[in-house]
Amino acid sequence: MKLKSHINQIIKDAFSKAGIDTEPMSVTEATKAEFGDYQFNGAMALAKKLGKNPRQIAEDIVAHLDLTGVVTKAEIAGPGFINLWINPLWIAEQCQHALGDERLGVNKRETPIKVVVDYSGPNMAKQMHVGHLRSTIIGDTLANLLEFLGDEVIRQNHIGDWGTQFGMLIAYLEEMGEDGSVSLKDLEQFYKDAKGRFDADEDFANKARAYVVKIQSGDTHCLELWQKFIDISLGHCEEVYKKLGVKLTREDVKAESFYNEDLVKVVEDLKRQGTLQESDGAQCVFLEGEEIPVIVQKADGGYLYATTDLAALRYRANVLGAKRISYVVDARQGEHFKQVFRVAKETGFVPEDVKLEHIAFGTMMDKGGKPFKTRDGGTVKLIDLLDEAVVKAKNTIKDQEGYSEEEVEELAKIIGIGAVKYADLSINRESNYIFNWDKMLSFEGNTSLYMQYAYARIQSIFRRFEGEIKGNIIIGDALEHRLSVMLLRFEDILDRAAIDAAPNQITTYLYELVTLFMRFYEQNPILKEGVDEQTKMSRLALADLTAKTIKQGLDILGIEVVDKL
RNA sequence: GCACUCGUAGCUCAGCUGGAUAGAGCACUCGCCUUCUAAGCGAGCGGUCUCAGGUUCGAAUCCUGACGGGUGUACCA
């Protein structure tokens, strides 16, 4: 239900009937309940243009407003605000429709596009650490969201599987022989050991350097070892993805090495276009107004990540056919993407109509506002963090007697992982974010547990009810009215969140929705005695739609719900 | 130095396509369980939206500048 568009259309109709030859600005949600459901603030802005006073304009608009359908009441307030009330009968009807629809009334895009979402991008030489968390879950959410809205989403996991350190790792893997896969279990340690050998033993170091050259020249034996290493390493990542409930699979992997053969062509094409300049021996693209050039080939002939990114952009736009390419990457790489995107567009590597965006996010901080580290200053492994979340979640479960051990375990997973993800997604992605166990595992405030609790409460009602909902939704009071309108706003929220790539708009919405529902739950009894049948059915339907909306919203965020909490 | 980014209640954060008296949660004070999960709900307390200009009928929101924090600044990714 594109609620806002409906209201906007009514305003637009009033404009043309009133002979106002301007595109009206969009209505906005009313800032207060007493101001109705939506408000139109455009009368004031027109005052100068039309040479009339804003209240007169407002009156003119209201006089031509169709109050027989979606909107039933309009009031002019203050300097020329137009407050609008939506018809409760219409709201009820729309909620009813949403309830009967598996998409909850959310339309699929009329003109879906292909979107590449590039996220996670772990380095194969090391284990995934907290630095990968935000990209992985924000990216997955964005992909889920666009998919739900009907776009054709192509997930891309641009893993780092190429580079000098792999020579060292492969040399070490070969040295370990069959035991390699065993010691690889702890990649972090494996890396350290390999580095230790590299630093201590000159022969080993030379072998490692030779391997780099061999891999790059396509030596079969080396490539086999390399492939083995990547497989095992990727297996580690998949373990993390599984725990996190992230949908990335091997199908989505397009590693750095995938673009290797294209790198020469990228440089050649740039050269042919005359956009390349040599500087200190390196091949560079100098952009107007930019101090630092984009280097695509080092003085020693090697390629850089800008080169790979250009190759990837070209592939995604031209081979995959993406019209929107979203990079969910740390904000610190803002400059890099700004430049690479410019080069891609200015050289025509990527067509003009393709939207390139860097979905930047801030750094994860500890309670003290410092970058998140272990006690001894090391990086926190993602798998450890997630395991800890599950342990902590287990401790928050109050009534453990009510469950079997397996159930507690399962519940703890859902709660713990959900808490970590929700905490991250609920904050404006561009700002740094303070990681706080106590806060994220709290039932109070804007947390996943609060949402899951609300969902479980509703399911509890249905466990007791055990019937079938018959009859229609009837908006009985102001609270039910607000709750219903909130439910109908779901699509508007998702649309906006998709445009801005802002998961926190979804969490803010869910929080508002759940808060309203909790009030409704307290004030409007459903199964208690003395509630007449019609009211009971209507309230059950509202509760049901609320639960389904919470579930769908959390599902987009990659968070599960439970029937009992 | 230059560029980017952030600065909203004691703390953590919403709000930023300009709109009415700036909103939540935590903390603190108080009230509500013989009836649908009180892990809840309600009420109170708490603000020169960093500062100074500007644009505007109207600015937390847009522009300029200052101050403060963070980040980045050519052959790592």
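**Reading an RNA surface and a helix pair**

Of the atoms of RNA strand B within 4 Å of the protein, sugar or phosphate accounts for 58% and bases for the rest. This is a predicted model, where local features need pLDDT of at least 70, side-chain atom pairs count only at pLDDT 80 or more, and totals for chains, interfaces and linings use all residues. Residues are numbered from 1 along each chain as its sequence is written, and side-chain values use heavy atoms, without hydrogens and water.

User: Which atoms of RNA strand B pair up with Thr396 and Arg464?

Analyst: A polar contact is a pair of N or O atoms within 3.5 Å. For Thr396, a backbone N or O atom lies 3.1 Å from a base nitrogen of RNA strand B. For Arg464, an N or O atom of the side chain is 2.9 Å from a sugar or linking oxygen.

User: How should I read two packed helices?

Analyst: Two packed helices are described by the angle between their axes and the distance between the axes. The axes of helix 8 (residues 187-200) and helix 9 (residues 202-216) come within 5 Å and cross at roughly 110 degrees. Helix 8 and helix 9 are therefore roughly perpendicular (65 to 115 degrees). Residues in contact (heavy atoms within 4.5 Å) include Phe198 of helix 8 and Phe204 of helix 9.

Notes
Chains are lettered from A and ligands numbered from 1 in the order in which they are written. Axes are lines fitted to C-alpha atoms, for helices over the stretch in contact, and angles run from 0 to 180 degrees between N-to-C directions. Helices (H or I, at least four residues) and strands (E, at least two) are DSSP runs, numbered from the N terminus. Angles under 35 degrees count as roughly parallel, over 145 as roughly antiparallel, 65 to 115 as roughly perpendicular and the rest as oblique. A residue is near a molecule or strand if one of its heavy atoms lies within 4 Å of it. A polar contact is a pair of N or O atoms within 3.5 Å; within protein, one must be able to donate a hydrogen and the other to accept it, and residues adjacent in sequence count only if both atoms are side-chain atoms.
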